Amino acid sequence: MFQELSLEARREMARVFQPKRVLRGTPLYALGDRADGVYLVREGLVWLEGPRSAEGEPATLGVVGPGGLFGEEALVGGGRRTSGATALTYAEFLFAPQEALAPVRARFPEVERFLLEALYARLKEAEERLWELRHLSVSQRLARLLLRLSQAGEVTFSHQDLARMVGATRETVTKLLGEWALSGVVDLGYRRVEVREPQALARLAEAL
C-alpha cells in the first residue's frame, strides 16, 4: 500500500502500521469512543455508522473498501470518534496508533501527502454517495451496488448489509430483490445474491 513512498518512509510506515484481522460483524469502534488511531483497509469492507434516527435506525456514513482510510479523527488531534465502524465482511487492516504515527508524519511530508490523498478519495466517494441518495431511486442504487460487487464474483451480503450500503430499509431491499429474482435477473440464497442478467440489471441502474 505504500509503494509510492520512498524506501525509508515505507520502512517507517511498515513499522507504525500493524496488521489486524477481524471476522464479519466485528465492531472496530463505536460513536464517541476515543480516537486512538487510524486504519487502512487491505481486504474486505467496513461500514461507517452515524447517529441513530428517532426510530432507532443507524445512519450509513459510508462503506470503506480496499485501499481506503478511516478513523481519520486521529489525524487531527484525536478527541472522540464521530462514527462507529463495523466489518461488513472478513477484513484485514493496517492500524497505526495516533502517538506512533505523529512523528512519522512530521518527518516525512510524503507520508502526510499519502494520508491526505487517501482522505480525498474518501471525500469523493462520500460526494458520489450523496449524489446517488439525492438523485437516484433505491432501485437504481441497489442495481448499481450489485453490479459493482458482482465484479468480484457472487455477492455475499445479507439484505440488511445491502440496505445499509444503499441507504434504504431492509424491507425495501428484500422486496426489490424478490421482484428481480422472480424475473430472473438475480438468484437469491442465504447471504447470497448471484447476478444472472447483468445487462438487465444495468438497465435498472440507469432507468429514470
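Reply: One definition first: helix axes are lines fitted to C-alpha atoms over the stretch in contact, and angles run from 0 to 180 degrees between N-to-C directions. Please also note that this is a predicted model.

Me: At what angle do the axes of α1 and α2 cross?

Reply: The axes of helix α1 (residues 7-16) and helix α2 (residues 98-107) cross at roughly 170° and come within 10 Å. Angles over 145 degrees count as roughly antiparallel, and α1 and α2 are therefore roughly antiparallel to each other.

Me: Which residues make the contact?

Reply: From α1, Glu8, Glu12, Met13, Arg15 and Val16 take part, and from α2, Ala100, Leu101, Val104 and Arg107. The residues of this contact of α1 with α2 comprise 5 nonpolar, 4 charged and no polar.

Me: And which residues of α1 are buried?

Reply: Ala9, Glu12, Met13 and Val16 are buried in α1. They cover an arc of only 100° around the axis, so they sit on the same side of α1.

Me: What covers them?

Reply: The cover for the buried residues of α1 includes α2, α3 (109-135), β1 (18-22) and β8 (91-97).

Me: Changing topic: where does Arg144 lie?

Reply: Arg144 lies in helix α4 (residues 138-150). Arg144 is partly exposed, with a relative accessible area of 22%.

Me: What does Arg144 touch?

Reply: Leaving out residues up to four places away in sequence, Arg144 touches Trp131, Glu132, Leu136, Ala205 and Glu206.

Note on methods
Residues numbered from 1 in each chain as written. Predicted model: local features only at pLDDT ≥ 70, side-chain atom pairs only at ≥ 80, totals over all residues. Heavy atoms only, no water. Helix = DSSP H or I, 4+ residues; strand = E, 2+ residues; numbered from the N terminus. Parallel < 35°, antiparallel > 145°, perpendicular 65-115°, else oblique. Contact = heavy atoms within 4.5 Å. Nonpolar A, V, L, I, M, F, W, Y, C, P; charged D, E, K, R; others polar. Buried < 20%, exposed > 50% of the residue type's maximum accessible area, 1.4 Å probe, protein only. Arc of directions from axis to C-beta.
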